[in-house]
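Please look over the sequence and the three-dimensional model below, and then read the briefing that follows. The points are grouped by topic, so that each can be checked against the picture.

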Amino acid sequence: MDFVMKQALGGATKDMGKMLGGEEEKDPDAAKKEEERQEALRQQEEERKAKHARMEAEREKVRQTIRDKYGLKKKEEKEAEEKAAMEQACEGSLTRPKKAIPRGCGDDEEDEESILDTVLKYLPGPLQDMLKK
């Protein structure tokens, strides 16, 4: 029976031990090779980052020449200027700017007059005369 199993499996009997949980052959230089591989990966990553930094610096130079040529500003500069302008406009005010008040809200004399006019329309004639004076 043992002979039949060996013939059926062929050369796979060496790997059977590994599949069944046996110990694998250990390479004495495996740790050294793994360390060298890790070092090579680190070095490649550093080179890639350096190349990316150089390319980004070149792109920024090109962007800056275009900004200078057409008088454009960086996004950060624009946002900083807009923020400073808003703070300067609100500096002495205790309330929010009038632009921020939604239409229809607030103390408008026109609204008060129109409400008074509508109330007067529904009052009888003598009362209207009294309130108009």
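Glutamate 79 is found in helix H4, which covers residues 75-89, and this residue also belongs to a patch of negative charge on the surface, where Glu76, Glu77, Glu79 and Glu82 gather. The model is a predicted one, and the values below should be read with that in mind.

**Overall make-up**

- The secondary structure of the protein chain comes to 6 helices and 0 strands, and, read from the N terminus on, its elements run α-α-α-α-α-α.
- The protein chain has 133 residues, of which 2% count as buried.
- The accessible surface of the protein chain comes to about 13,200 Å², and carbon and sulfur atoms account for 54% of that surface.

**Helix H3 and what follows**

- Helix H3 runs through residues 30-70 and so has 41 residues, and the distance from its first C-alpha to its last reaches 60 Å, which is close to the 60 Å expected at 1.5 Å a residue.
- Glycine 71 follows H3, and the phi angle of this glycine is positive, with a value near 70°.

**A nonpolar patch on the surface**

- Val62, Ile66, Tyr70 and Leu72 form a nonpolar patch on the surface, and together these residues have about 410 Å² of accessible area.
- Valine 62, one of the members of this patch, lies in helix H3.

**Salt bridges around arginine 63**

- Side chains of opposite charge can pair when their charged atoms come close.
- A search of the whole structure finds 9 salt bridges, and one of them joins the side chains of glutamate 56 and arginine 63, with 3.1 Å from N to O.
- Arginine 63 also forms a salt bridge with glutamate 60, and here the closest N and O atoms are 3.1 Å apart.
- Glutamate 60 and arginine 63 are separated by about one helical turn, because they are 3 residues apart in helix H3.
- With a relative accessibility of 30%, glutamate 56 counts as partly exposed, while glutamate 60 is placed in the partly exposed class at 27%.
- Arginine 63, the partner of glutamate 56 and of glutamate 60, is partly exposed as well, with a relative accessible area of 33%.

- Lysine 73 and glutamate 81 meet through their side chains in a salt bridge, with 2.9 Å from N to O.
- Lysine 73 counts as partly exposed because its relative accessibility is 41%, and glutamate 81 is partly exposed with a relative accessible area of 44%.
- Elsewhere, salt bridges that share partners join Glu56, Arg59, Glu60, Arg63, Arg67 and Lys74 into one network.

Key
Residues are numbered from 1 along each chain as its sequence is written. This is a predicted model: local features need pLDDT of at least 70, side-chain atom pairs count only at pLDDT 80 or more; totals for chains, interfaces and linings use all residues. Side-chain values use heavy atoms; hydrogens and water are left out. Helices (H or I, at least four residues) and strands (E, at least two) are DSSP runs, numbered from the N terminus. Patches are made of residues with over 30% relative accessible area and no salt bridge: like charges are joined within 9 Å, nonpolar side chains (Val, Leu, Ile, Met, Phe, Trp, Tyr) within 5 Å. Accessible areas come from the Shrake-Rupley method with a 1.4 Å probe; for residues, only the protein chains shown count as cover. A salt bridge is a side-chain nitrogen of Lys or Arg within 4 Å of a carboxyl oxygen of Asp or Glu. Lys and Arg count as positive and Asp and Glu as negative; His and the chain ends are not counted. The place of a charge is taken as NZ of Lys, CZ of Arg, CG of Asp or CD of Glu. Buried means under 20% relative accessible area, exposed over 50%, partly exposed in between (1.4 Å probe, protein chains only).
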